[in-house]
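Subject: Structure handover

Hello,

Here is the structure for your files. Please open it alongside this message; my notes follow below.

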Amino acid sequence: MVLDDLGTSLRSSLDTLQGKARLDEDDVEEIVKEIQRSLLSADVDVSLVMELSDSIKTRAVEEEPPGGTTARDHVLKIVYEEMVALVGDSTELPLESQTILLAGLQGSGKTTSAAKMAWWFSKKGLRPAVIQTDTFRPGAYDQAKQMCERAEVEFYGDPDADDPVAIAREGMAATADADIHIVDTAGRHALEDDLIAEIEEIERVVDPDRSLLVLDAAIGQGAKEQARQFETSIGIDGVVITKLDGTAKGGGALTAVNETDSSIAFLGTGETVQDVERFEPSGFISRLLGMGDLKQLSERVERAMAEAQEADEDWDPEQLLEGNFTLKDMQKQMDAMNRMGPLDQVMDMIPGLGGGMMDQLPDDAMDVTQDRMRKFERIMDSMTDEELENPKVVGQSRTERIARGSGTDVETVRQLLEQHSMMERTINQFQGMGEGDMQRMMKKMGG
Ligand code: GDP
C-alpha cells in the first residue's frame with residue numbers, strides 16, 4: 001500500500017504520546033521528523049514534504065487541543081487534515097456521458113486501468129466502451145479484449161490496423177451508443193516526440209472531456225518530467241495511480257498531481273478488473289493512518305453480497321437468522337468474502353484492525369488464512385448435497401473420502417466441520433433472541 005511505512009511509523013510515534021494531555025515542542029519535532037522521513041522514502045517531492053511538515057508543526061504547537069482531547073488525538077487530527085489537503089480532492093467524474101483519454105508510459109497500467117474503469121462505470125449503471133488504439137505494443141489488443149470480456153464491457157480495437165488515430169476515429173463511431181468512452185493509447189519506454197505527436201492527434205480526434213495520466217505507484221521523481229510533458233501536450237485533468245498493492249511508495253504520483261495541478265481519480269490495487277477504487281481523499285488517508293475506511297468497506301460488502309446472491313438467486317443472507325445454518329450457507333458466505341477482495345486489503349479497511357493490528361500479525365498470517373479458505377472451498381466442492389445440507393452425517397469414512405477427493409487431509413476437513421458448528425452455535429444464539437433481549441443487550445452495551 002502506498003506510503004505504508006508512513007502509517008506504521010506514525011502510529012508508533014503517536015503511541016508514545018499515549019496518556020499525555022499536552023505536547024511539548026520535542027514531541028512535535030519527533031513526529032514531524034518521522035513524517036518527513038517516511039514521505040521522502042516514499043519519493044514525495046522535497047518541497048511538498050517541507051510544506052506539509054511546516055504546517056503540521058505550526059498547527060500542533062499553536063492550536064490548543066479542544067477540551068477532553070488527548071495530545072495524541074489532537075496531533076492525529078492535524079496530520080490527517082494536512083495529509084488530506086496534500087493529496088487534494090479526487091478528480092471530478094460525474095456519472096454521465098463522457099470521453100476519457102488515458103495517457104502514460106508503456107507498462108504504467110493503462111490497458112488494465114481502462115478495463116477496470118469501464119467495469120467501475122458499468123457497476124454505476126452506465127454503459128462504457130473501451131477503445132484500444134495501442135498498435136505499438138504487441139499483445140495490447142488481445143490483453144485489452146480479454147480484460148473487457150471479463151469486465152463485461154464493450155470493446156473496440158483492430159489488430160490489423162496500424163494507424164492509432166484512424167482506430168480512435170472509427171472506434172468512437174462504432175461505439176456511439178455507449179455512455180462512457182475510455183480511449184487507451186500507446187505508451188513508450190520513455191517520452192518520445194512521436195508518442196507526443198500521436199497522442200495529440202488522438203486527442204484532437206476524440207475530443208475528450210477528461211485526460212487522465214496513468215502512473216505506476218513505484219515511479220519516483222521521473223513522474224515530474226512526464227507529468228509536465230503530458231500536461232503541455234494534452235492537458236492532464238487527473239491521475240490514476242496503479243500497482244498500489246505492490247509498493248510502499250507512491251510519492252512520485254503525488255508529485256505528478258501537484259505538477260499538473262490536477263487530482264487523483266482512481267487507484268489500482270491488483271491485476272484483476274475489480275481491483276480498482278475511486279479515490280476518496282479522506283478514506284484514503286484514514287486507511288493510511290490506520291483509522292480504517294468504512295465507506296469503501298461497506299461498498300465492497302454490499303457489492304459482494306449482491307453478487308453472491310445473483311450467483312444463487314435462492315440464497316438470501318437475511319434468511320440465515322431464520323433457518324438452519326448449513327455448510328451451504330457457509331460456502332456462500334465464503335464466496336461473498338472472496339468477492340470482497342484479498343483479505344489483507346479488506347482488513348486494512350476495518351478501523352482498529354487496519355495498520356496497527358496488521359503490523360502485529362506475522363507476515364504470512366494472511367496467506368495462511370487465505371490458503372485455509374481455499375482448502376475449505378475445495379473440501380465443500382467435494383461434498384455431496386446431503387452432506388452440505390446436513391454435516392452431521394459426515395463420519396470417519398466420509399471424512400476420509402472427502403479429504404482424498406479434495407486433495408486435502410482429514411485434519412483440514414475436521415477443522416472445517418468444527419468451524420461450521422462454531423458458527424452454527426453463534427447464529428443459534430442470535431435466533432433465540434427476541435426483540436426485547438436485543439434491546440436489553442444494546443442498553444447494556446451503552447447504546
Ligand atoms: P500499459 O502498457 O500501460 O497498457 O500497461 P498494462 O495495463 O499492460 O500493465 C502492465 C502490467 O502491470 C501488467 O502486467 C498488469 O497486469 C500490471 N498491472 C496493472 N495495474 C496493476 C495493479 O494495480 N496492480 C498490479 N499488481 N499489477 C497491475
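A nonpolar core, as the term is used here, is a set of buried Ala, Val, Leu, Ile, Met, Phe, Trp, Tyr and Cys residues joined through C-beta atoms within 7 Å. Please keep in mind that this is a predicted model.

Nonpolar cores

The largest nonpolar core has 82 residues. Ala115, Ala118, Val130, Leu213, Val239 and Ala253 have the most contacts inside this core. Both domain 1 (4-87) and domain 2 (98-288) supply at least three residues to it. Apart from this core lies another one, of eight residues, including Met380, Ile402, Val413 and Leu416. As general background, nonpolar side chains in soluble globular proteins tend to be buried together.

To look at one member of the 82-residue core, take Ala115. Leaving aside residues up to four places away in sequence, Ala115 touches Val130, Ala144, Met147, Cys148, Ala151 and Val273.

The ligand

There are 20 residues around the ligand, and Gly109, Lys110, Thr111, Thr112 and Gly268 come nearest. Helix 5 (residues 110-123) gives the largest share of this shell, with three residues. What classes of residue make up the shell around the ligand? The shell has 14 polar residues, six charged residues and no nonpolar ones.

Arg425

Arg425 is part of helix 19, which covers residues 410-431. Is Arg425 buried or exposed? Arg425 counts as exposed because it has 10 C-beta neighbours inside 10 Å, and a residue is exposed if that number is 12 or fewer. Phe325 lies 100 residues from Arg425 along the chain, and 9.1 Å separates the C-alpha atoms of the two.

The protein as a whole

The protein has 447 residues, of which 40% count as buried. Its secondary structure comes to 20 helices and eight strands. Among contacts between residues at least 6 apart in sequence, 77% join residues at least 24 apart.

Confidence

The mean pLDDT of the protein is 82, and 80% of its residues reach 70 or more. Residues 354-359 have a pLDDT below 50. In the model, that stretch has 18 contacts beyond near neighbours in sequence. For the complex, the predictor gives an ipTM of 0.99 and a pTM of 0.68.

Regards

Terms used: Residues are numbered from 1 along each chain as its sequence is written. A residue is near a molecule or strand if its C-beta atom, placed from the backbone, lies within 6 Å of it. Helices (H or I, at least four residues) and strands (E, at least two) are DSSP runs, numbered from the N terminus. Ala, Val, Leu, Ile, Met, Phe, Trp, Tyr, Cys and Pro count as nonpolar, Asp, Glu, Lys and Arg as charged, and the others, Gly among them, as polar. A residue is buried if 20 or more other C-beta atoms lie within 10 Å of its own, exposed if 12 or fewer, and partly exposed in between; C-beta atoms are placed from the backbone. Domain bounds come from an automatic or database domain assignment. Two residues are in contact if their C-beta atoms, placed from the backbone, lie within 7 Å. pLDDT is the predictor's confidence in each residue, from 0 to 100.
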